[in-house]
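Trainee: Could we go through this model together? I'd like to ask about it piece by piece.

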Amino acid sequence: MNKINLSSYKPIADIQDNIIFANNGNVVLCYEGNLPEIYSLSEKDFEDMHGAWFQALKSLSVGTVVHKQDIYLKKSYSSEQLANSTFLEKATHDHFKGREYMEHRCLLFFILTKNRALNNPKYVNPFRKISKSIIRELDDSVQRFIGSVSDSVSFINNSRKMEFLPLEAKGIEQLTNGYFNGFNEGFDTDILLDKKSVNIGENYFDALAINSELC
């Protein structure tokens with residue numbers, strides 16, 4: 001297996017607002033979503049959400065790749081923001097301090113591929129030395145892409161069951177660093193590939209591929 005140094009082959013060429021220009025020529029629009037609380041939706045609510053997604057994505061231009069990513073991290077709750085003056089406040093503060101919980105982030109990426117072919121090597125591998133000619137300016141095709149994505153996100157937000165907001169450049173950089181650092185905090189580490197798992201710092205990862213919507 002060929003090894004690659006991610007710090008030397010950063011996949012991002014440039015970030016403008018919530019727009020990523022990748023080394024392989026792709027343009028990516030990044031959003032983070034606020035979803036309804038768990039168990040708060042009825043069957044009809046789920047049908048309405050499905051309809052909103054269907055209508056929103058149907059209007060996108062041909063060749064657009066939509067990547068929805070949900071990140072779940074087990075963390076310890078910090079009760080610093082809770083009040084801690086009265087007897088009841090102190091009891092609540094101590095009760096929740098250090099308790100484990102599951103943090104959930106929902107991310108949505110809209111990708112305009114340079115070559116419009118998913119099996120193209122330039123699409124598959126953005127970890128390559130950057131060529132200055134590969135970075136696109138905000139030409140007409142990109143502007144149309146941004147407009148169609150904005151319309152789709154606005155349609156989803158108008159459903160009032162979900163809200164997707166643009167990720168800022170700082171947030172994108174933090175997400176990229178965390179993703180390739182295995183979401184370890186306080187230090188940077190290597191990615192160790194084994195036959196059965198992936199070891200990144202103190203965390204172990206595995207991959208599950210779902211090849212059919214019947215799964």
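Trainee: Let's start with Glu185: does it count as buried or exposed?

Mentor: First, a word on the source: this is a predicted model, where local features need pLDDT of at least 70, side-chain atom pairs count only at pLDDT 80 or more, and totals for chains, interfaces and linings use all residues. Residues are numbered from 1 along each chain as its sequence is written, and side-chain values use heavy atoms, with hydrogens and water left out. Buried means under 20% relative accessible area, exposed over 50%, and partly exposed in between (1.4 Å probe, protein chains only). Glu185 has 61% relative accessibility, so it counts as exposed.

Trainee: Which side chain does Glu185 meet in a salt bridge?

Mentor: A salt bridge here is a side-chain nitrogen of Lys or Arg within 4 Å of a carboxyl oxygen of Asp or Glu. For Glu185 the N to O distance is 3.5 Å. Glu185 sits in the loop between α5 (169–180) and β7, and its partner lies in strand β4, so the pair ties together parts that are 110 residues apart in sequence. That partner is partly exposed, with a relative accessible area of 25%, and its name is Lys75.

Trainee: How many helices and strands does the protein have?

Mentor: Helices (H or I, at least four residues) and strands (E, at least two) are DSSP runs, numbered from the N terminus. From that end the elements run β-β-β-α-β-α-β-α-α-β-α-β-β-β. The count is five helices and nine strands.

Trainee: How many bridges join β4 to β5?

Mentor: Two strands pair if DSSP finds at least two bridges between them. β5 pairs with β3 in the antiparallel sense over seven bridges. The number of bridges joining β4 to β5 is 13.

Trainee: Which residue forms a salt bridge with Glu32?

Mentor: Glu32 is in strand β3 and its partner in strand β5, so the pair ties together parts that are 73 residues apart in sequence. With the closest N and O atoms 2.9 Å apart, the partner is Arg105.

Trainee: What is the angle between the planes of Tyr31 and Phe110?

Mentor: Rings of Phe, Tyr and Trp (its six-membered ring) pair if their centres lie within 6.5 Å; planes under 30 degrees apart count as stacked, over 60 as edge-to-face and the rest as tilted. Tyr31 in strand β3 (residues 27–34) and Phe110 in strand β5 (residues 100–112) are 79 residues apart, and both are buried. Their centres are 6.0 Å apart and the pair is edge-to-face, with the planes at 85 degrees.

Trainee: Which residues form a salt-bridge network with Asp48?

Mentor: Asp48 is in helix α1 (residues 43–58), while Lys161 is in the loop between α4 (140–158) and β6 (163–166), 113 residues apart. Their closest N and O atoms are 3.9 Å apart. The network links Asp48 with Lys44, Asp45 and Lys161.

Trainee: Last one: which residues does Leu82 contact, beyond neighbours within four places in sequence?

Mentor: Leu82 is in the loop between β4 (64–76) and α2 (87–96), and is partly exposed, with a relative accessible area of 27%. The C-alpha atoms of Leu82 and Thr92 are separated by 8.2 Å. The contacts are Tyr77, Thr92, His93 and Phe96.

Terms used: Contact = heavy atoms within 4.5 Å.
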